[in-house]
Amino acid sequence: MKYAVNFNRNLLDAFTPTRGLRQGDPLSPYLFLIVAEDLSCVIKEAIITKDLEEFKICRTALGISHLFFADDSLLFFRASEHHAVIIRDAIKIFERASGQQVSKQKCALLFGPHCSEVVQENIMPILRTVHASFDDKYLGLPVPEGRMKCGRFQGTMEKLGKRLSGWTNRHLSVGGKEVLIKSVAQAFPTYVMGVFKLSAEFCEEYMKLIRNFWWGDEPDKRKVHWIAWEKMMMPKFMGDLGFRDMKLFNQALLARQAWRLILFPNSLCAHLLKTRYYPNGDLVDTVFNSDSSPSRKGIEHGLDLLKQGLIW
């Protein structure tokens, strides 16, 4: 089999591939998006013919049938045997057309709270899935179910602890410690902090690990902390080291998410949040319910900081 690349509407010379792509190859996500477009077209065709019904979070919201992220796919459909058969047939068409095959062991179904157990038991054999719920983590983030307590982010804390235990204080200068803390230790929770509001307890425990590493504390021996950590978190132009306050850093990242909703009101995320939480108002002037989602509470936390500097 030979392939040719369309470059500026001109086909280049055909070539025969001699090897595949390894996992983590930079071309891998792009190739998946090209291949996954076939699955998207099949699902859209089923929606046009009214065989499949889109999912809506409320009556005035846009319908969502599928979301793709690199090599992960989320498919939304009504919990019925008919719609499950349509999804199964769409996946089979995609497998035959692309040569790809869905791994049933990695698939999971997430049912709504009002879906009966009888319907769930009838749908699972159709799609041949073995997991009736998502894992604790999806795309590197904890699944937002229930209260987002400190234990839900314990993996980030353990990851930092393992990394710090591998760094030897005796062979690191003060400058080396500063670089490791700023570029590695304080960068670990950036992805999670950009989505969820972390508790004050988690942020304090996280900064405690960093403080102990900076001063050279060991499990059985605590050294003198010569300067208060609050002073060391002051900016460098004020004569200090400029370490991050993780609580303020968390709020700043969430404020950026709120700013994106204001800056791009026509995006899918902004549209869904507007129709669900403030259909007749504006994000800045909205009072949110106490039962909103964890990600929504995070945006609300960032909005409090954004309002302090938001001007017309």
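A residue is called buried if its relative accessible area is under 20%, exposed if over 50%, and partly exposed in between (1.4 Å probe, protein chains only). Asn-8 counts as exposed because its relative accessibility is 60%. This is a predicted model, in which local features need pLDDT of at least 70, side-chain atom pairs count only at pLDDT 80 or more, and totals for chains, interfaces and linings use all residues. Residues are numbered from 1 along each chain as its sequence is written, and side-chain values use heavy atoms, with hydrogens and water left out.

**A loop to start with**

- Asn-8 lies in the loop between β1 (6–7) and β2 (10–11); strands (E, at least two residues) and helices (H or I, at least four) are DSSP runs, numbered from the N terminus.
- Arg-9 has its place in the loop between β1 and β2, and it counts as exposed because its relative accessibility is 82%.
- Most residues other than glycine have a negative phi.
- Phi is positive, near 55°, in Asn-8, and positive, near 65°, in Arg-9.

**The nonpolar cores**

- A nonpolar core is a set of buried Ala, Val, Leu, Ile, Met, Phe, Trp, Tyr and Cys residues joined through side-chain atoms within 4.5 Å.
- The largest one has 29 residues, and Tyr-206 and Trp-229 have the most contacts inside it.
- At least two residues of this core come from each of α4 (154–165), α5 (174–183), α6 (190–193), α7 (200–215), α8 (229–232) and α9 (246–263).
- Helix α7 gives the most, with 8 residues.
- A second, separate core has 17 residues, among them Phe-111 and Ile-126.

**Aromatic rings**

- Rings of Phe, Tyr and Trp (its six-membered ring) pair if their centres lie within 6.5 Å; planes under 30 degrees apart count as stacked, over 60 as edge-to-face and the rest as tilted.
- The whole structure holds 5 aromatic pairs.
- Phe-55 and Phe-76 are stacked, because their ring centres are 5.7 Å apart and their planes are at 15°.
- Phe-55 counts as partly exposed because its relative accessibility is 39%.
- Trp-214, Trp-215, Trp-229 and Phe-243 are linked into a cluster by ring pairs.

**Charges over a ring**

- Arg-276 lies over the face of Tyr-277, 5.1 Å from the ring centre; a charge sits over a ring if NZ of Lys or CZ of Arg is within 6 Å of the ring centre and within 35 degrees of the ring normal.
- Arg-296 also lies over the face of Tyr-277, at 5.3 Å from the ring centre.
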